[in-house]
Amino acid sequence: MKKELTFDKVFNDLTELVEEIEDDEIKVDTLAEKVKQANELIKFCETKLRTIKTETTKLRGEK
Amino acid sequence: MPDSIKLSELVNEIDEAIKNRFAGRTFLIKAEITDVKKQPDKRWCFLKFIEKEGILITTEIKGVFWANTYHNVERFEKETQQTFASGLEITCRVRVRFHKRYGIDLEVLEIDYAYAIGKLELERKQTLERLVKENSTIKLLPNETYTTKNNRTELAMVFQTIALITAPNSDGQRDFNKVIDKNKYGYAFSVTPFLTTIQGDNASQLILKQLKLIETSKENFDLVVIVRGGGSDIDFKSFNDYELAKAVAMFPTPILTGIGHDRNTSIVDLMGRQHKTPTEVATFIIDNNMNFEAEIEDLKERFFQRVDELLDDAKDELASIKQRIKNLHPTTILKKGFAIIKLNNKIVTDTKAIKVNSELQTIMQSETMNSTVTKKIKNEKGIDI
């Protein structure tokens with residue numbers, strides 16, 4: 001099962017991707033895969049910042 | 001039976017006696033007040049001054065502020081940020097009055113604010129000292145701020161789920177929600193209200209109760225926010241309560257306060273993370289998410305800039321390979337004055353195949369020459385071009 005992404009994880013993964021491709025040893029033929037991953041992470045952030053799972057919470061403050 | 005006198009005669013005499021004794025004199029007294037009834041529309045305030053031994057009231061006398069001194073009540077509330085209400089001990093200047101129908105009372109001329117403030121500050125100082133003394137995780141820093149378990153807890157990179165402690169239908173709740181709901185970035189939030197009384201005698205206990213309720217489902221919230229409407233300067237007392245302050249200091253989820261006051265910082269503010277107003281808390285929350293998105297945007301830019309760079313490098317490399325291939329092409333070589341020698345329509349690479357009298361084709365860039373070999377000489381000393 002795929003683990004649910006968190007903002008922390010996305011941030012770390014994206015930072016790692018940037019560092020990987022900034023390395024001089026990077027092979028151009030791995031680039032397509034990395035671009036795909038980066039795009040997915042960025043899209044996740046942009047979407048998740050603007051949507052929220054509406055969980056029906058039982059908690060309500062008492063008057 | 002001697003002659004009786006009229007009631008008014010006696011009361012007049014009492015009046016006379018009191019006047020003789022008290023006319024023109026004022027007294028500075030210190031006493032507890034109770035049964036405070038404010039009438040802001042008429043600008044009157046009725047109360048009782050009492051003195052106790054233990055729980056027994058031993059002395060009691062009516063007191064009153066009239067319209068010309070009612071501003072004292074308002075100023076008291078503003079200066080001390082607490083409601084002028086029963087249970088307070090105040091120092092004030094009074095004069096003794098007697099009315100033939102309403103009896104004796106003390107008219108308050110002015111309140112000693114310094115005393116009231118001093119007393120509050122002393123209480124506040126004692127509470128803070130007790131918090132540090134009795135809780136090893138609460139520490140006073142050299143800059144007069146406090147570090148607690150709560151305000152040391154790291155904030156989430158993005159805030160989305162918020163538990164909002166507020167009074168029902170309050171300005172604070174409205175101000176907070178307005179900023180959250182109308183944020184121009186379109187960020188989504190889930191704000192769960194925990195409604196309670198924010199002011200009054202047992203407000204601190206009620207707020208505490210809501211905190212405990214939130215703690216039972218703390219994994220549902222990124223943040224706890226406590227707000228109170230702006231403008232309500234008064235009644236700060238609940239936010240200086242020891243038990244509430246301690247609960248805030250120990251609370252596992254970061255607490256942001258926006259209790260709407262400029263002049264003072266409550267103890268609860270010091271134990272959590274203070275913002276001045278509900279609007280400022282909401283703005284902080286949105287800015288936090290915006291900063292996160294900006295960081296993602298930076299990474300995105302860095303990433304694609306590097307991708308472009310890598311692709312450009314690859315293109316350059318490809319172009320240079322093409323150029324090298326072009327440089328090696330026979331037509332490029334012929335242009336430089338070299339020739340191709342063919343024997344029987346085949347390019348000669350080994351001169352062994354060429355004999356004297358062989359018919360050769362010499363192909364240069366613009367013309368081809370046919371010739372016959374007349375002599376073969378070894379290039380013993382290399383080629384002299």
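User: What should I know about numbering and confidence before I start?

Analyst: Residues count from 1 along each chain as its sequence is written, while chains are lettered from A and ligands numbered from 1 in the order in which they are written. The model is predicted, so local features need pLDDT of at least 70 and side-chain atom pairs count only at pLDDT 80 or more, whereas totals for chains, interfaces and linings use all residues.

User: How do I read the length of helix α2 in chain A?

Analyst: Compare its span with the expected one, which is 1.5 Å times one less than the number of residues. Helix α2(A), residues 31-48, has 18 residues and reaches 26 Å from first C-alpha to last, close to the 26 Å expected.

User: And which residues of α2(A) are buried?

Analyst: General idea: an α-helix has 3.6 residues a turn, so residues three or four places apart point the same way. For burial, count other C-beta atoms (placed from the backbone) within 10 Å of the residue's own: 20 or more is buried, 12 or fewer exposed, in between partly exposed. Here the buried ones are A:Ala38, A:Leu41 and A:Cys45. They cover an arc of only 65° around the axis, so they sit on the same side of α2(A); that arc is taken over the directions from the helix axis to the C-beta atoms. On the other side, A:Ala32, A:Glu33, A:Lys36, A:Lys43 and A:Thr47 are exposed.

User: What covers the buried residues of α2(A)?

Analyst: The cover includes α1 (7-22) of chain A and α9 (278-328) of chain B. Across the two chains, 25 residues of chain A are in contact with 30 of chain B, contact being C-beta atoms, placed from the backbone, within 7 Å. The largest share of chain A's side, nine residues, comes from α1(A).

User: How do I read helix packing?

Analyst: Two packed helices are described by the angle between their axes and the distance between the axes. Axes are lines fitted to C-alpha atoms, for helices over the stretch in contact, with angles from 0 to 180 degrees between N-to-C directions. Under 35 degrees is roughly parallel, over 145 roughly antiparallel, 65 to 115 roughly perpendicular, the rest oblique.

Take α3 (113-134) and α7 (242-250) of chain B: they pack at about 45°, axes 10 Å apart. That makes α3(B) oblique to α7(B). In α3(B), B:Thr127, B:Arg130 and B:Leu131 meet B:Tyr242, B:Ala245, B:Lys246 and B:Ala249 in α7(B).

Now α6 (203-215) of chain B against α7(B): the angle is about 25° and the axes are 9 Å apart. So α6(B) is roughly parallel to α7(B).

User: Is B:Ile267 buried or exposed?

Analyst: B:Ile267 counts as buried because 22 C-beta neighbours lie inside 10 Å. B:Ile267 is found in α8 (267-271) of chain B, and its contacts include B:Arg124, B:Leu128 and B:Phe239.

User: Last one: what is the phi of B:Asn169?

Analyst: About 55°, a positive value although B:Asn169 is not a glycine. B:Asn169 is in the loop between β8 (161-166) and α5 (171-181) of chain B, and is exposed, with 8 other C-beta atoms within 10 Å.

Terms used:
Helices (H or I, at least four residues) and strands (E, at least two) are DSSP runs, numbered from the N terminus.
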